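Work through the exercises below with the sequence and the model open. Each task is followed by a stepwise solution.

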Amino acid sequence: MVRITDVARRAGVSPSTVSYALSGKRPISAETRRRVEAAARELGYRPQAGAPAHGRPKVLAVAAPLRAGVHLPAMMRVTESVVTAARGYDHDVLLLTHEDGLTRVGDPAPADALLVMDIGLQDPRLPLLRSLNRPCVLLGLPADPHGLTCVDLDYRAAGEVCVHHLAGLGHRTVALVGSPPEVHLRRTASAHRLVEGFTATADHHGLASSVHPAEPAPGGAHHIADRLLREHPALTAVVVHNAPLLEPLITAFQQLGLRIPEDLSITAVCPDDPATVTSVTLPAAELGTRAVELLMAQLHGMPVPETTLLAPRLTERASTRHA
């Protein structure tokens with residue numbers, strides 16, 4: 001994608017001068033304006049792929065498809081932080097919730113930049129995203145991020161830190177109650193990478209481990225808890241990556257006669273911050289803010305890193321103890 005810095009280099013002026021010449025926000029000499037416009041034409045630079053032209057609405061489009069298995073409260077927390085950060089840059093936010101939402105931001109849709117959520121490892125939207133002539137940030141890390149700008153929690157590291165914590169407490173048999181089955185079938189990057197980190201770290205410590213995708217319906221928590229205990233009688237620790245099931249699952253284990261944490265330690269990766277559960281919390285505010293900062297940097301022709309992964313922070317609380 002041709003950037004404002006490329007036009008500035010061709011015209012022999014600063015990027016800010018290019019912005020002023022194309023937007024009309026400040027007076028620029030006729031000669032300089034002609035030189036900038038000529039450079040922009042030669043390079044195929046389009047103002048909507050950089051700073052919005054004068055009078056054009058400043059809009060960020062957020063593609064957040066409401067798919068089966070998506071935890072809507074977590075998605076909305078991130079979206080809320082995007083809206084808040086965007087307002088600080090004098091931008092509005094257009095929320096696209098349909099599967100075909102990306103086709104609705106094709107020219108001449110009023111969106112200066114695009115944030116895409118719920119990324120799969122081999123996301124079918126990637127070819128289109130690479131071809132768009134406008135700044136774009138993915139909230140998620142596909143298998144091949146080349147040519148894209150991605151930001152996310154480091155989910156592999158989140159799985160690792162949970163298991164490191166439990167192994168350090170002497171637990172030898174651990175289970176992961178994961179995202180819904182349809183999320184795994186879509187090979188959603190966050191769920192896949194967390195399973196990778198969980199499994200690899202359990203193997204590193206010589207722990208017996210198992211992964212159990214689970215429907216988020218709280219009514220099924222008792223069935224899941226009962227099945228885990230029957231299939232893994234030596235189980236002493238569970239990692240939960242399925243926010244709607246967290247509290248119902250704890251209740252179900254207690255109803256089956258287990259004390260938390262005396263008999264079973266519980267760790268979670270979740271969007272909330274439950275006061276009694278050892279957890280890695282999804283940093284929704286930081287993710288949304290960082291995504292908007294990356295988009296704004298692209299809009300002004302500044303270089304940005306290809307991948308930004310936020311380090312997980314595990315907070316130890318009363319739900320875990322020595323085995």
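**Exercise 1.** In which sense do strand 3 and strand 4 pair, and over how many bridges?

The model is predicted, so local features need pLDDT of at least 70 and side-chain atom pairs pLDDT 80 or more, while totals for chains, interfaces and linings use all residues. Residues are numbered from 1 along each chain as its sequence is written, and side-chain values use heavy atoms, without hydrogens and water.

Step 1. Locate strand 3 at residues 113–116 and strand 4 at residues 136–139; strands are DSSP runs of E, at least two residues, and helices runs of H or I, at least four, numbered from the N terminus.
Step 2. Their pairing is parallel, over three bridges; to pair, two strands need at least two DSSP bridges.
Step 3. Within it, Leu114 is opposite Cys136 in strand 4.

**Exercise 2.** State the strand order of the open sheet and find its edges.

Step 1. The order of the six strands is 2-1-3-4-5-11, with parallel pairing.
Step 2. Strand 2 (92–96) and strand 11 (307–310) are the edges, because each has a single partner strand.

**Exercise 3.** Is Val151 buried or exposed, and what does Val151 contact?

Step 1. Val151 belongs to strand 5 (residues 150–153).
Step 2. Its relative accessible area is 0%, so Val151 is buried (buried: under 20%; exposed: over 50%; partly exposed in between; 1.4 Å probe, protein chains only).
Step 3. Beyond four places in sequence, its contacts (heavy atoms within 4.5 Å) include Val137, Leu139, Leu287 and Leu294.
Step 4. Leu294 is 143 residues away along the chain, with 8.9 Å between the C-alpha atoms of Val151 and Leu294.
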